[in-house]
Amino acid sequence: MATAPGNPARPMEDWAGATDTAVVVLDGLSAPEGTSCRHGTPWFVRQLGPRLLTHASQPEVTLRQALAAAIREVAALHEETCDLSHPATPSTTVAVARRCGDDLQALVVADSSVVVATTENVVDVLSDSRVDDAARSESQAALAAPAGPERERRVADLVRVQQRLRNRNGGYWVVQADPDVADQAVTRTWPIACVRHVALLTDGATRLVDTFDALSWPGLLDLLASCGPGALIAETRRLEAQDPRAVRWPRYKRSDDAAVIDWTP
């Protein structure tokens, strides 16, 4: 397991944790505009992560139930002091996997990923593409804009549009304060006997595949198996440093927070 900030001068907004039977990564979403929550995204993921991990480690609870319970508990911590209905209230993506009886179970909300290699040499990637489909034209405009102030302005426009589409039908889903979002999570199950290798990654850790095109998903798992999560993040940082203005590989941030769990259930 490894985590690393994209910008050491800013608080870390990713989180990772594990028990003997469950693993969780969270990618907190930065809010460029003000929010009525005084706690902020780093606090939110640090509160949600351990609670989700605890609930997900209980086999009698479904993963959707575990997520809903964790959301409910964190909301109760600050609903008296913060306006949790504000569109920019702290939010996060979620990826969780667990060994439960004879199964490997996984759940994702938004664009963190669960990558599973099977004994049949098949690699399955579980993610939630709805976030990519929302505001697609604004996303393309942001990535096509010249690096610098123009791209920053386009990204801010994109975030405003995304906030309007967030957590509603026809848009996409992230975890904030409403436990009903758990019902919208994407889930999948594999027979545990067929699972060889599992990785959970936030999108700052999948760039070698989906941004830089430097590795395939099997290649990413091979790198994890041979060198570990820290090496994956280090290689990501090396390529980011080769393109500091995000010209060769257009992206919203030069470097992003990254969290990786390499797991054999």
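Residues are numbered from 1 along each chain as its sequence is written, and side-chain values use heavy atoms, with hydrogens and water left out. Because the model is predicted, local features need pLDDT of at least 70 and side-chain atom pairs count only at pLDDT 80 or more, while totals for chains, interfaces and linings use all residues.

**Helix pairs**

Helices are DSSP runs (H or I, at least four residues) numbered from the N terminus. Axes are lines fitted to C-alpha atoms over the stretch in contact, and angles run from 0 to 180 degrees between N-to-C directions.

| Pair | Angle | Axis distance |
|---|---|---|
| α1 (residues 41–56) and α2 (residues 63–78) | roughly 140° | within 8 Å |
| α4 (residues 136–144) and α5 (residues 149–165) | about 165° | 8 Å |
| α7 (residues 217–227) and α8 (residues 229–242) | roughly 125° | within 7 Å |

Contact means heavy atoms within 4.5 Å. On the α1 side the contact includes Trp 43, Phe 44 and Leu 48, and on the α2 side Leu 67, Ile 71 and Val 74. By class, 13 of the contact residues are nonpolar, three polar and two charged. Here Ala, Val, Leu, Ile, Met, Phe, Trp, Tyr, Cys and Pro count as nonpolar, Asp, Glu, Lys and Arg as charged, and the others, Gly among them, as polar.

The angle between α4 and α5 makes them roughly antiparallel, and α4 passes α5 in a left-handed crossing (anticlockwise). Glu 138, Ser 139, Ala 141, Ala 142 and Leu 143 of α4 meet Arg 151, Arg 154, Val 155, Leu 158 and Val 161 of α5. This contact has six nonpolar, one polar and three charged residues.

α7 and α8 are oblique to each other. Leu 220, Leu 223, Leu 224 and Cys 227 of α7 touch Pro 229, Ala 231 and Leu 232 of α8. The contact has seven nonpolar residues, no polar and no charged ones.

**Second largest pocket**

A pocket is an open set of points on a 1 Å grid over the protein atoms alone, where a 1.4 Å probe fits, with protein on both sides within 12 Å along at least five of seven lines; lining residues have an atom within 4 Å of a point. The second largest pocket holds about 180 Å³ of space, taken as the space filled by probe spheres set on the points, which are joined across faces, edges and corners. Its lining has 14 residues, with Ser 85, Pro 87, Arg 166, Asn 167 and Gln 176 nearest the centre. Five lining residues are nonpolar, six polar and three charged.

Conventions
Helices (H or I, at least four residues) and strands (E, at least two) are DSSP runs, numbered from the N terminus. Angles under 35 degrees count as roughly parallel, over 145 as roughly antiparallel, 65 to 115 as roughly perpendicular and the rest as oblique.
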